[in-house]
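Here is a short briefing on one protein model. Keep the sequence and the 3D view side by side as you read.

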Amino acid sequence: MSCKTLSKAELLAAVSLAAGTAAIGFLAYKTFFSKDKCCKARVNLDIQKDNPKVVHAFDIEDLGEKAVYCRCWRSKKFPLCDGSHTKHNEETGDNVGPLIVKRKEA
């Protein structure tokens, strides 16, 4: 077997193949084996980010006949729903809707 030098085109093809194989291997590893929490998508993007946990409590007597609460975290009136889940669902393919609390009819 003789030793020959690679042409620029052959060298470029070999480097491209190696880089492509490395990229596919890296993406496969990140997708199937990585448990890195920093890369998980956040649900709450901008509501009370200075608090360690967002919590709202309401007295049942103060609700009136019906209250509609946001579950998509996109409402500008959070914790109340403003219908932002409709746009969120269209953009993401999600199916989230509001939490509706109403008084039981007597």
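Histidine 88 sits in helix H2, which covers residues 84-92. Helices (H or I, at least four residues) and strands (E, at least two) are DSSP runs, numbered from the N terminus. This is a predicted model: local features need pLDDT of at least 70, side-chain atom pairs count only at pLDDT 80 or more, and totals for chains, interfaces and linings use all residues. Residues are numbered from 1 along each chain as its sequence is written, and side-chain values use heavy atoms, with hydrogens and water left out.

- Is histidine 88 buried or exposed? Histidine 88 is buried, because its relative accessible area is 11% (buried means under 20%, exposed over 50%, partly exposed in between, with a 1.4 Å probe and protein chains only).
- Its side chain makes a polar contact of 3.2 Å with the side chain of aspartate 94. A polar contact is a pair of N or O atoms within 3.5 Å; within protein, one must be able to donate a hydrogen and the other to accept it, and residues adjacent in sequence count only if both atoms are side-chain atoms.
- Not counting residues up to four places away in sequence, histidine 88 touches Cys72, Arg74, Gly93, Asp94 and Val96 (contact means heavy atoms within 4.5 Å).

**The whole chain**

- The protein chain has two helices and two strands. Along the sequence they follow the pattern α-β-α-β.
- Of its 106 residues, 18% count as buried.
- The accessible surface comes to about 9,300 Å², and 59% of that belongs to carbon and sulfur atoms. Such areas come from the Shrake-Rupley method with a 1.4 Å probe; for residues, only the protein chains shown count as cover.

- The rule asks for a side-chain nitrogen of Lys or Arg within 4 Å of a carboxyl oxygen of Asp or Glu.
- Lysine 87 pairs with glutamate 91, and their closest N and O atoms are 3.8 Å apart.
- These two residues are four residues apart in helix H2, so about one helical turn separates them. Both lysine 87 and glutamate 91 are exposed.

**The nonpolar core**

- Which residues form the largest nonpolar core? It has six: Ile47, Val54, Cys70, Cys72, Phe78 and Val96. Such a core is a set of buried Ala, Val, Leu, Ile, Met, Phe, Trp, Tyr and Cys residues joined through side-chain atoms within 4.5 Å.
- Leaving aside neighbours within four places in sequence, phenylalanine 78 is in contact with Ile47, Val54, His56, Cys70 and Trp73.

**Two loop residues**

- Serine 75 lies in the loop between E1 and H2. It is buried, because its relative accessible area is 6%.
- The side chain of serine 75 has a polar atom 3.0 Å from the backbone nitrogen of lysine 77. It also reaches the backbone nitrogen of phenylalanine 78 at 3.4 Å.
- Lysine 49 is in the loop between H1 and strand E1 (66-69). Lysine 49 is partly exposed, with a relative accessible area of 45%.
- The side chain of lysine 49 reaches the backbone oxygen of asparagine 44 at 3.1 Å.

**Before helix H1**

- Leucine 6 lies in the segment before helix H1 (8-32). It is exposed, because its relative accessible area is 51%.
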